[in-house]
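Thanks for coming, everyone. Let me put the model on the screen, and then we can walk through it together.

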Amino acid sequence: MSKRSRRPAAQAASCRVTVCRGCCCGDAGKIPGVDHAGQIPRLRAALDGAAPVRASECLDVCDQANVVVVQPSPEGRAAGGRPVWLGLVNDDEALADIAAWIRAGGPGIAEPPGILDLYAIKVSRRVSASLEG
């Protein structure tokens, strides 16, 4: 049995979450008053295993720091879900809303809470493709 097949089926088929931690995201000099170091652990705790969370190098949308990208599960993608880019995610309320949406199924499966419309950002195809690859 391979390592990959030992993972729980729920996690293998879950959304994936990427949190930018490049040149500007996670920088207290750019965004003071935010516990940047605690943001990823708090998001992981709020998700309670519903989706993996990884940090990424710069996602090239520095004017929107802190950036979080929610990629749909295979089921969500089959239902038409696409990656959702969220910017200015600098408070725990936003993290809680993101986590609740992901626990409900995320892109393609569950409608995001309306408040997340305020965080949604459009990125160029080049930037979007950098995360897909």
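I will start with the overall layout, move to the sheet and the cores, and end with a few single residues.

First point: this is a predicted model. Please keep that in mind throughout.

So, the layout. The chain has 133 residues, and 40% of them are buried. There are five helices and four strands. Reading along the sequence, you get α-β-α-β-β-α-β-α-α. How do the contacts split by sequence separation? Take contacts with a separation of 6 or more: 70% of them are between residues 24 or more positions apart. The accessible surface is about 7300 Å². Carbon and sulfur atoms own 53% of that surface.

Now the sheet. In what order do the strands line up? The order is β2-β1-β3-β4, in an open sheet with mixed pairing. At the edges sit β2 and β4, the latter covering 84-86, and each of these pairs on one side only. Ignoring direction, neighbouring strands are turned by 20 degrees against each other on average.

Let's take the pairings around β1. On one side, β1 meets β2, residues 53-56. That pairing is parallel, over four bridges. Look for valine 19: its place is opposite alanine 55 of β2. To get from β1 to β2, the chain passes through α2, and this β-α-β crossover is right-handed.

β1 also pairs with β3. Here the strands run antiparallel, again with four bridges. Threonine 18 has valine 69 of β3 as its bridge partner.

Next, the helices against the sheet. α2 lies across β1 and β2, at about 160 degrees to β2. α4 lies across β1, β3 and β4. Its angle to β3 is about 5 degrees.

On to the cores. In soluble globular proteins, nonpolar side chains tend to be buried together. Here, the largest nonpolar core holds 21 residues. Which of them have the most contacts inside it? Val17, Leu43, Leu47, Val70, Val89 and Ile102. Four elements each supply at least two residues: β1 (16-20), α2 (36-47), β3 (68-71) and α4 (92-103). α4 gives the most, with six.

Stay on isoleucine 102 for a moment. Leave out residues up to four places away in sequence, and isoleucine 102 touches Cys15, Val17, Leu47, Ala51 and Val70.

Now some single residues. Start in β2, with serine 56. Is serine 56 buried or exposed? The cut-off for buried is under 20% relative accessible area. Serine 56 has 18%, so it counts as buried. What does serine 56 touch, beyond residues up to four places away? Thr18, Val19, Cys20, Arg21 and Gly22.

Glycine 105 comes next, in the loop between α4 and α5, which is 125-132. Glycine 105 has a relative accessible area of 17%, so this residue is buried too. Beyond its neighbours within four places, glycine 105 is in contact with Cys15 and Ala110. Where is glutamate 75 relative to glycine 105? The two are 30 residues apart in sequence and 9.1 Å apart in space, C-alpha to C-alpha.

Last, the backbone. Most residues other than glycine have a negative phi, and most peptide bonds are trans. Some spots here go the other way.

Find aspartate 48, in the loop between α2 and β2. Aspartate 48 is not a glycine, yet its phi is positive, about 50 degrees. Its relative accessibility is 68%, so aspartate 48 counts as exposed.

Then aspartate 60, in the loop between β2 and β3. Again this is not a glycine, and phi is positive, about 70 degrees. With 41% relative accessibility, aspartate 60 counts as partly exposed.

Finally, asparagine 66, which lies in the loop between β2 and β3. What joins asparagine 66 to alanine 65? A cis peptide bond, with omega about 0 degrees.

Over to you for discussion.

Technical notes:
Residues are numbered from 1 along each chain as its sequence is written. This is a predicted model: local features need pLDDT of at least 70, side-chain atom pairs count only at pLDDT 80 or more; totals for chains, interfaces and linings use all residues. Side-chain values use heavy atoms; hydrogens and water are left out. A nonpolar core is a set of buried Ala, Val, Leu, Ile, Met, Phe, Trp, Tyr and Cys residues joined through side-chain atoms within 4.5 Å. Buried means under 20% relative accessible area, exposed over 50%, partly exposed in between (1.4 Å probe, protein chains only). Contact means heavy atoms within 4.5 Å. Two strands pair if DSSP finds at least two bridges between them. A crossover is right-handed if, with the strands pointing away from the viewer, the path from the first strand over the helix to the second runs clockwise. Accessible areas come from the Shrake-Rupley method with a 1.4 Å probe; for residues, only the protein chains shown count as cover. Axes are lines fitted to C-alpha atoms, for helices over the stretch in contact, and angles run from 0 to 180 degrees between N-to-C directions.
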